[in-house]
Amino acid sequence: MLGLVEEFLPDARDGWEEAVRHASDCMDDAGRGVPTGGGFTPHARSLGRAVAEVHGALDKAFGRSRLTAQDVAEEAAGMNMRLKEAAEEVPALARYTTRIGAFFDDYARVAGRGNPVFAQRTHGDLHLGQALRTADGWRIVDFEGEPARTAAERALPQPVLRDVAGMLRSFDYAARTGLADLESADPEDGSPARRLRRRRRASAWALRNRRAFIEGYAAAGREDPNCRPVVLRAFEADKAVYEAVYESRLRPDRLPIPLAAVHRLANTSR
């Protein structure tokens, strides 16, 4: 016999919808871009803690292992291969392949120098839509992994920073979706100066909440992601490349979102 137990969360709110609403409110000129009641950042910080606790529980239940330098080198080679294939499918990525590929090579060098990289069970497709906010905290759901990956790939242990990178990308998506919703609500209401102001607020909202999430994650006792900038940058770039292919195939109107992220990452200092 097989039994299934599920937790009933009558007051749960979708993390994605909550974030987009907060982002849109923050960009609305009526609010002058000033978040009320702390905006979404307290929720982003507590979400970071929740994700760290999930990682801790998965570590305790299934354990973790240290990846060898060869393991990481092979993973970095796979990331470079995905980048090459993505650039063939999404030509706009081609101008960034050298720079983004260098980030993947940097990741391999980190392990080659003896810096430990550990792998364990992770969520595998972590973003705001996989988080439910309740009266007593966040619940993380849907551990199936990225839909475009094979079942074998989804089952592989991964560094937890892949999950962290996925959530960081989600904050960027929420900010840009909130901006698009605000502009589409009244397309005639938008001088160039107003549009620029809103876009700056969108970037600031994403940055503020990305930082809060990382702060919460580190405060829960897990390793501070900011202490592994090379690894985190490589995973975020890999995720943005994945997103570019996904959007190109299924939602071309959203392709500018991951392309903007690739551009931003490619222009950060190594």
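A residue is called buried when its relative accessible area is under 20%, exposed when over 50%, and partly exposed in between (1.4 Å probe, protein chains only). Helices here are DSSP runs (H or I, at least four residues), numbered from the N terminus.

This is a predicted model, in which local features need pLDDT of at least 70 and side-chain atom pairs count only at pLDDT 80 or more, while totals for chains, interfaces and linings use all residues. Residues are numbered from 1 along each chain as its sequence is written, and side-chain values use heavy atoms, with hydrogens and water left out.

Helix α6 covers residues 161–185. Of its 25 residues, 20 are buried, so α6 is largely enclosed by the rest of the structure. From first to last C-alpha, α6 reaches 36 Å, close to the 36 Å expected at 1.5 Å a residue (1.5 Å times one less than the number of residues).

Helix α8 (residues 229–250) packs against α6 at an angle of about 55°, with the axes 9 Å apart.

T41 lies in helix α2 (residues 41–62). Not counting residues up to four places away in sequence, T41 touches R208, N209 and A212.

Accessibility of individual residues is listed below.

| Residue | Relative accessibility | Class |
|---|---|---|
| C26 | 4% | buried |
| T41 | 11% | buried |
| C227 | 54% | exposed |

A search of the whole structure finds 0 disulfides, meaning pairs of cysteine sulfur atoms within 2.5 Å.

Notes:
Helix = DSSP H or I, 4+ residues; strand = E, 2+ residues; numbered from the N terminus. Axes fitted to C-alpha atoms, helices over the stretch in contact; angles between N-to-C directions. Contact = heavy atoms within 4.5 Å.
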